[in-house]
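The sequence and the model should be read alongside the text.

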Amino acid sequence: MSFLWTLTAAFLYTEAAVITLLLLPIISSKTWNRIFKSRFVGMFTAYASLYFNGCLIILGLMLIEALRHVSAQNKVYQELKSNPSLYKPETESVYLMKLFRAQRNLYISGFSLFLWFVFRRLVTLIADHARVTVAGEASLAQAKSATEAAQRLMSGSPTSGSSSADTEGHLEVEITKLRGEINDLKEQLETEVAAHKRAKTQVEAITMQAKQATKEYDRVTAECQQLQKKLAAIGGDSEGKKKD
């Protein structure tokens with residue numbers, strides 16, 4: 001194995017060891033997050049994207065080279081098998097050894113590239129999980145403190161200190177103000193109810209007057225019709241007498 005492939009294999013073993021260490025349940029995500037935010041690791045995280053892309057390009061080139069080497073060795077081995085004059089057991093062993101090394105390098109570079117993506121994704125998930133855990137604990141602590149404060153205020157338990165006295169004084173002022181607003185609203189509501197009753201009474205009175213006016217109109221109309229009939233009858237009688 002050449003020095004370059006030895007370095008790639010060492011990189012693969014290092015990746016496997018680090019990923020196994022990250023997956024251990026005895027180390028919490030908050031601990032890893034503190035390690036990631038340490039000063040020593042911070043010197044590398046400033047250029048993390050550059051390091052990742054650089055290793056990605058190198059491992060990609062190694063994978064392409066391994067694929068090319070496997071294809072070349074496989075082609076040579078097939079040509080050797082198709083030529084009976086050159087096909088000998090010792091020659092076959094040599095070409096099979098070369099093909100095995102090419103395939104081994106292919107597996108090393110392929111797994112190194114795959115574990116490189118796994119490593120980055122795992123670090124990102126651990127950091128996100130740590131941030132979410134810290135944010136959740138902070139929110140839970142705030143909710144507990146708010147609940148305790150609300151319970152103290154609702155139970156009316158005495159508190160010590162000037163801040164508690166100021167809070168109670170402020171609450172008393174707010175309560176007095178709210179009571180005044182409630183009384184004003186009650187008075188306004190009573191006024192509105194009285195006005196509504198008066199308006200309703202007036203509407204009922206106007207309705208009764210309208211009904212009475214309608215009845216009176218009907219009565220006057222009936223009397224007018226009767227008078228017209230009487231006048232018509234009187235006029236007919238007077239004309240008959242004149243003719244006689």
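A residue is called buried when its relative accessible area is under 20%, exposed when that area is over 50%, and partly exposed in between, using a 1.4 Å probe and protein chains only. The model is predicted, so that local features need a pLDDT of at least 70 and side-chain atom pairs count only at pLDDT 80 or more, while totals for chains, interfaces and linings use all residues. Residues are numbered from 1 along each chain as its sequence is written, and side-chain values use heavy atoms, with hydrogens and water left out.

**Overall architecture**

The chain holds six helices and zero strands, and its elements, taken from the N terminus on, run α-α-α-α-α-α. Helices (H or I, at least four residues) and strands (E, at least two) are DSSP runs that are numbered from the N terminus. Of the 244 residues in the chain, 15% are buried. The accessible surface of the chain comes to about 19000 Å², and 64% of this surface belongs to carbon and sulfur atoms; accessible areas come from the Shrake-Rupley method with a 1.4 Å probe, and for residues only the protein chains shown count as cover. A contact is defined by heavy atoms within 4.5 Å. Among contacts between residues at least 6 apart in sequence, 78% join residues at least 24 apart.

Leucine 22 is placed in helix H1 and counts as buried because its relative accessible area is 7%. Leaving aside neighbours within four places in sequence, leucine 22 is in contact with Trp32, Phe36, Phe119, Leu122, Val123 and Ile126.

Asparagine 105 has its place in helix H5 and is buried, since its relative accessible area is 7%. Not counting residues up to four places away in sequence, asparagine 105 touches Trp5 and Ala66. Helix H5 (residues 89-155) also holds valine 134, which counts as partly exposed because its relative accessibility is 44%. Valine 134 and lysine 30 are 104 residues apart in sequence, but their C-alpha atoms are 8.0 Å apart in space.

**Salt bridges**

Side chains of opposite charge can pair when their charged atoms come close. A salt bridge is defined here as a side-chain nitrogen of Lys or Arg within 4 Å of a carboxyl oxygen of Asp or Glu. The structure holds two salt bridges, and they are set out below.

| Salt bridge | N to O distance |
|---|---|
| Arginine 68 and glutamate 65 | 2.7 Å |
| Arginine 131 and aspartate 128 | 2.1 Å |

Arginine 68 and glutamate 65 are separated by about one helical turn because they are three residues apart in helix H4. Arginine 68 is partly exposed, with a relative accessible area of 49%, and glutamate 65 is likewise partly exposed, with a value of 33%. Arginine 131 and aspartate 128 both lie in helix H5, three residues apart, or about one turn of the helix. Arginine 131 is partly exposed at a relative accessible area of 43%, and aspartate 128 counts as partly exposed at 31%.

**Surface patches**

Patches are made of residues with over 30% relative accessible area and no salt bridge, where like charges are joined within 9 Å and nonpolar side chains (Val, Leu, Ile, Met, Phe, Trp, Tyr) within 5 Å. Phe40, Met43, Phe44, Tyr47, Leu50 and Tyr51 form a nonpolar patch on the surface, and together they have about 690 Å² of accessible area. Helix H3 (39-45) and helix H4 (48-82) each supply at least two residues of this nonpolar patch, and the largest share, three residues, comes from H3. Methionine 43 lies in helix H3.

A patch of negative charge on the surface gathers Glu181, Asp184, Glu187 and Glu190. For charges, Lys and Arg count as positive and Asp and Glu as negative, while His and the chain ends are not counted; the place of a charge is taken as NZ of Lys, CZ of Arg, CG of Asp or CD of Glu. Glutamate 181 is found in helix H6 (residues 162-243) and, at 41% relative accessibility, counts as partly exposed.
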